Amino acid sequence: MSQTFRALRVHQTPSGTSARIESLGLDALTAGDVLIRTRWAGINYKDSLAVTGKAKVLSGYPRVPGIELVGVVQASASPEFAVGSDVIVHGFQTGIDFDGSLSELVRAPAGHVMPIPPGLTPRDAALLGVPAFTVALALDRFEAAGLVPAAGAIAVSGASGAVGMAALAILRRAGYEAVALSRRADWVEPLMRLGASEVLLVDAAVDDRRPLERGRFGAAIDNVGGSVLSWLLRSLSDHGQLASVGNASGIAFSTNVLPFILRQVTMFGIVANAAWPVRRRLWGRLASDWKPDLSALDAHVREIGLDDVPAHCEAQVAGRSAGRTLVRFDTA
Ligand SMILES: NC(=O)c1ccc[n+]([C@@H]2O[C@H](COP(=O)([O-])OP(=O)(O)OC[C@H]3O[C@@H](n4cnc5c(N)ncnc54)[C@H](OP(=O)(O)O)[C@@H]3O)[C@@H](O)[C@H]2O)c1
């Protein structure tokens, strides 16, 4: 097949990496038995690190980054996926070991491809994507350890980001009170509309003086790391749980043993990947009893073109982006 298409690829250079938009043939892509025409690619923080070269995310070069996509099957060697069907791909090292979503065409192994869950349109699935799946993994784990809405509010840091917004909206739908933690005073109203019962501004709320804070949160979803994560750990109530999701402010944090030995708090990490039984079950919940108010989320979605991706990624790693960004392709 002599089809050519546009893709953003990252190359290794003597001084680091460089990303550029190229015209490729299918043979340039990593192998896969399902050929997908991309409709939307969600840009995640990790993609921005890969595109800007600010951290080593990609396992080889040249590589098309982009860890999630919604698209339509254009050709398939797998009987599971009919031509013309709508699918979603994320996880399984997409955009890391395998060429990813920042491309008009993507070849994916059939074992990485999922039909759009019933109850969601392709755009709904793109809107939710990895951020919502990440939140679902955290909430599932909280509940498996016994969390119920009566245990108290769930704190969400980096609230104006894609994971933070999804968390507020999903927690509201699931019946939990969510408290947003944000650097952005101009986002107080939007965060309340998304689902926060209260917005705490980081500069005013977070300080490092006390070994324990008032135990006020039944659980926390941390997207930021650093002093915010330290404060959240010290602010959990007895048996509180903290899901460490992200590192938007950096990878380091400091703590002390008191939250653990006086309040028996638990901290665990989330990786937005899961084997099929968990993946299907959680997408099923995102399409039903955890399905958030999609119009509230959509109000903070920015759609950009492939050519706009490098500039967006620079802004995101500099902490100058907010909301969710989707790359929209011609077939969307
Ligand atoms: N573990 C996983 O599988 C998984 C999955 C998805 C994402 N993540 C990670 O989770 C984090 C959030 O992802 P995202 O997609 O929501 O990213 P995002 O859209 O860029 O949002 C990050 C948010 O963090 C806050 N922030 C940014 N820079 C900061 C800084 N220097 N100091 C303090 N706060 C800062 C901002 O919120 P405010 O201005 O409102 O404070 C920003 O909106 C990222 O680190 C990402 O890599 C991990």
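At 31% relative accessibility, Phe260 counts as partly exposed. The structure is a predicted model. Phe260 belongs to helix α7, which spans residues 258-263. Together with Val257, Ile261 and Leu262, Phe260 makes up a nonpolar surface patch with about 390 Å² of accessible area in total.

**Ligand surroundings**

- The side chain of Ser182 places an N or O atom 2.6 Å from an oxygen atom of the ligand.
- A polar backbone atom of Ile270 lies 2.6 Å from a nitrogen atom of the ligand.
- A polar backbone atom of Gly161 lies 3.1 Å from an oxygen atom of the ligand.
- The ligand taken alone exposes 910 Å², and the protein buries 87% of that area.

**Salt bridges**

- Side chains of opposite charge can pair when their charged atoms come close.
- The model contains 19 salt bridges.
- Arg63 and Asp99 meet through their side chains in a salt bridge, at 3.8 Å from N to O. The pair links distant parts of the chain, 36 residues apart: Arg63 is in the loop between α1 (45-52) and β4 (68-76), and Asp99 is in the loop between β5 (86-90) and β6 (105-108). Both Arg63 and Asp99 are buried.
- Arg324 and Glu68 form a salt bridge with an N to O distance of 2.9 Å. Because Arg324 lies in strand β15 (residues 324-328) and Glu68 in strand β4, this pair ties together parts that are 256 residues apart in sequence. Arg324 and Glu68 are both buried.
- In the salt bridge between Glu198 and Arg216, the closest N and O atoms are 3.7 Å apart. Glu198 is in strand β10 (residues 196-201) and Arg216 is in the loop between α5 (202-205) and β11 (217-222), so the pair ties together parts that are 18 residues apart in sequence. Glu198 counts as partly exposed at 32% relative accessibility, and Arg216 counts as partly exposed at 25%.
- A network of salt bridges links Asp207, Arg209, Arg210, Glu213 and Arg234.

**Ser18 in strand β2**

- Ser18 lies in strand β2, which covers residues 16-25.
- At 25% relative accessibility, Ser18 counts as partly exposed.
- Ser18 and Pro62 are 44 residues apart along the chain, and their C-alpha atoms are separated by 9.6 Å.

How values were computed
Residues numbered from 1 in each chain as written. Predicted model: local features only at pLDDT ≥ 70, side-chain atom pairs only at ≥ 80, totals over all residues. Heavy atoms only, no water. Patch = residues over 30% accessible without salt bridge, like charges linked within 9 Å, V, L, I, M, F, W, Y side chains within 5 Å. Areas by Shrake-Rupley, 256 points an atom, 1.4 Å probe, with all protein chains shown as cover. Salt bridge = Lys/Arg side-chain N within 4 Å of Asp/Glu carboxyl O. Helix = DSSP H or I, 4+ residues; strand = E, 2+ residues; numbered from the N terminus. Buried < 20%, exposed > 50% of the residue type's maximum accessible area, 1.4 Å probe, protein only. Polar contact = N/O pair within 3.5 Å; in protein donor to acceptor, adjacent residues only side chain to side chain.
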